[in-house]
Amino acid sequence: MGAAAVELRGFRIWKDYLDTSGQAAVVDALRPVLKAAPLFRPVTPRGQAMSVRMTSAGDLGWVTDRKGYRYEPQHPSGVDWPGIPEAVLAIWHGVTGLDRQPDSCLINYYGQDARMSLHQDKDEEDYSWPVVSVSLGDDGLFRIGNTTRGGKTESIWLNSGDVVVMGGEARLTYHGIDRIRFGSSRLLPKGGRINLTMRVAG
Ligand code: MD3
Ligand code: FE
């Protein structure tokens, strides 16, 4: 576990929060989740297929289709989302110190050419709860903007094992992933990047 967090535009970034065995333990804990609730490729309300594949764990999962962005209690297949693994909840507790658990853990998978354009996360009911992100596998170039569209942005590479806490002013900051360095990590057998985001959604 990393000793200290650095602060960037209100984001608290814990480099190397998970060591290699901690990362592998989280990936192992995700396997049954991905089996019960397989990754799917969401479509934006305007009909664009996203390049990132997704699924969720917890009481609520984030989905998008022609009907819009929202949280749902079930995977598109109709099964309830699996529970959030203990190893993942332990990270939330370790970096936030909160008693309240997240009710949602979005699992994003980035293959070779996947990216996520600058956006705000605004589908949750109460923005006063932080969002916690866990990076696993290949490096991802994370871009941080402002609370309104436009303006200067800053980019940092997120590496496997890094954990980021978005709270306070940072919670409504525009952010995205410009690209990944495919093959930069050996954590995931088929390469790519997994990002977990834990939230209090409902
Ligand atoms: C800042 N995911 O799922 S994680 C997302 O790496 C998302 O997959 C990216 O943006 C990824 O919505 C970035 C870092 C992150 C996550 C949630 C945030 C930054 C955030 C919520 C509010 C502000
Ligand atoms: Fe986001």
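Leaving aside neighbours within four places in sequence, Val6 is in contact with Phe11, Arg12 and Ile13; contact means heavy atoms within 4.5 Å. This is a predicted model, in which local features need pLDDT of at least 70 and side-chain atom pairs count only at pLDDT 80 or more, while totals for chains, interfaces and linings use all residues. Residues are numbered from 1 along each chain as its sequence is written, chains are lettered from A and ligands numbered from 1 in the order in which they are written, and side-chain values use heavy atoms, with hydrogens and water left out.

Val6 belongs to strand β1, residues 6–8. Helices (H or I, at least four residues) and strands (E, at least two) are DSSP runs, numbered from the N terminus. Val6 counts as partly exposed, at 47% relative accessibility. Buried means under 20% relative accessible area, exposed over 50%, and partly exposed in between (1.4 Å probe, protein chains only). Val164 is 158 residues from Val6 in sequence, yet their C-alpha atoms are 9.6 Å apart in space.

Most residues other than glycine have a negative phi. Arg9 is not a glycine, but has a positive phi of about 50°. Arg9 sits in the loop between β1 and β2 (11–14) and is partly exposed, with a relative accessible area of 27%. Asp16, also not a glycine, has a positive phi of about 60°. Its place is the loop between β2 and α1. At 48% relative accessibility, Asp16 is partly exposed.

Now to the interior. Nonpolar side chains tend to be buried together in soluble globular proteins. A nonpolar core is a set of buried Ala, Val, Leu, Ile, Met, Phe, Trp, Tyr and Cys residues joined through side-chain atoms within 4.5 Å. The largest one here has 28 residues, and Leu136 and Leu196 have the most contacts inside it. At least two residues of this core come from each of α1 (20–36), α2 (86–96), β6 (104–110), β8 (131–137), β11 (163–166) and β13 (193–199). The largest share, five residues, is supplied by α2. Not counting residues up to four places away in sequence, Leu136 touches a set that includes Val26, Val27, Leu30, Leu187, Ile194 and Leu196. A second, separate core has 23 residues, among them Phe11, Met50, Ile144 and Val164.

Strand β3 (residues 53–58) is largely enclosed by the rest of the structure, because five of its six residues are buried. β3 and β6 run antiparallel and are joined by six bridges. Two strands pair if DSSP finds at least two bridges between them. Within this pairing, Met54 stands opposite Asn108 in β6.

Asp139 lies in the loop between β8 and β9 (140–144). Asp139 is buried, at 12% relative accessible area. Its side chain makes a polar contact of 3.1 Å with that of Asn159. A polar contact is a pair of N or O atoms within 3.5 Å; within protein, one must be able to donate a hydrogen and the other to accept it, and residues adjacent in sequence count only if both atoms are side-chain atoms.

His119 (NE2), Asp121 (OD) and His175 (NE2) coordinate the iron ion (ligand 2) at 2.0 to 2.2 Å. Donors are N, O and S atoms within 2.8 Å of the metal (3.2 Å for Na, K and Ca); water is not among the atoms, so sites may look incomplete. Along the chain, the donors of the iron ion (ligand 2) follow the spacing H-x1-D-x53-H. His119 is partly exposed at 21% relative accessibility, whereas Asp121 is buried at 12%.
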